[in-house]
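Please look at the sequence and the structure before reading on.

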Amino acid sequence: YMTKDEEGKLACCENINVKNVTGAGDSFVAGIGYGYMNNLNIKDTLKYSVAMSIITITHEETINPKMSNEFVKDFVKNTTWRE
């Protein structure tokens, strides 16, 4: 990632069991919007966005029925992030 004031790398999740990639980009962009609307810093915004994408692609349905703000926050909290 790169901003006017900061740049770095952020990664997570060694193995992901991909079941359906439909909606992965849409959910990532929704996470960016969430971060922006809630004044999250760039790292937290990206964590939220990536978490939403991973939650999306690891379920057979286009919209994971578990998708919620709380579920995404728990995913972010319980994931090891490498910078």
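## Helix α1

The expected span of a helix is 1.5 Å times one less than its number of residues. In this predicted model, helix α1 covers residues 24–37, which gives 14 residues. From the first C-alpha to the last, α1 reaches 20 Å, close to the 20 Å expected.

Which residues of α1 are buried? They are Ala24, Ser27, Gly31 and Gly35. These residues lie on the same side of α1 because they cover an arc of only 85° around the axis. The cover over the buried residues of α1 includes helix α2 (42–57).

On the other side of α1 are Asp26, Val29, Tyr36 and Met37, which are exposed.

## Two residues with positive phi

Asn39 follows α1 and is found in the loop between α1 and α2. Its phi is near 55°, a positive value in a residue other than glycine. Asn39 has a relative accessibility of 71%, so it counts as exposed, the cut-off for exposed being over 50%.

Cys13 also has a positive phi without being glycine, with a value near 60°. Cys13 lies in the loop between β1 and α1. Its relative accessibility is 24%, so Cys13 counts as partly exposed.

## Confidence

The mean pLDDT of the protein chain is 95, and 100% of its residues reach 70 or more. Confidence is lowest in strand β1 (residues 11–12), where the mean is 92. Helix α3 (residues 69–77) has the highest confidence, at 98.

Definitions and conventions:
Residues are numbered from 1 along each chain as its sequence is written. This is a predicted model: local features need pLDDT of at least 70, side-chain atom pairs count only at pLDDT 80 or more; totals for chains, interfaces and linings use all residues. Side-chain values use heavy atoms; hydrogens and water are left out. Helices (H or I, at least four residues) and strands (E, at least two) are DSSP runs, numbered from the N terminus. Buried means under 20% relative accessible area, exposed over 50%, partly exposed in between (1.4 Å probe, protein chains only). The arc is that of the directions from the helix axis to the C-beta atoms. Contact means heavy atoms within 4.5 Å. pLDDT is the predictor's confidence in each residue, from 0 to 100.
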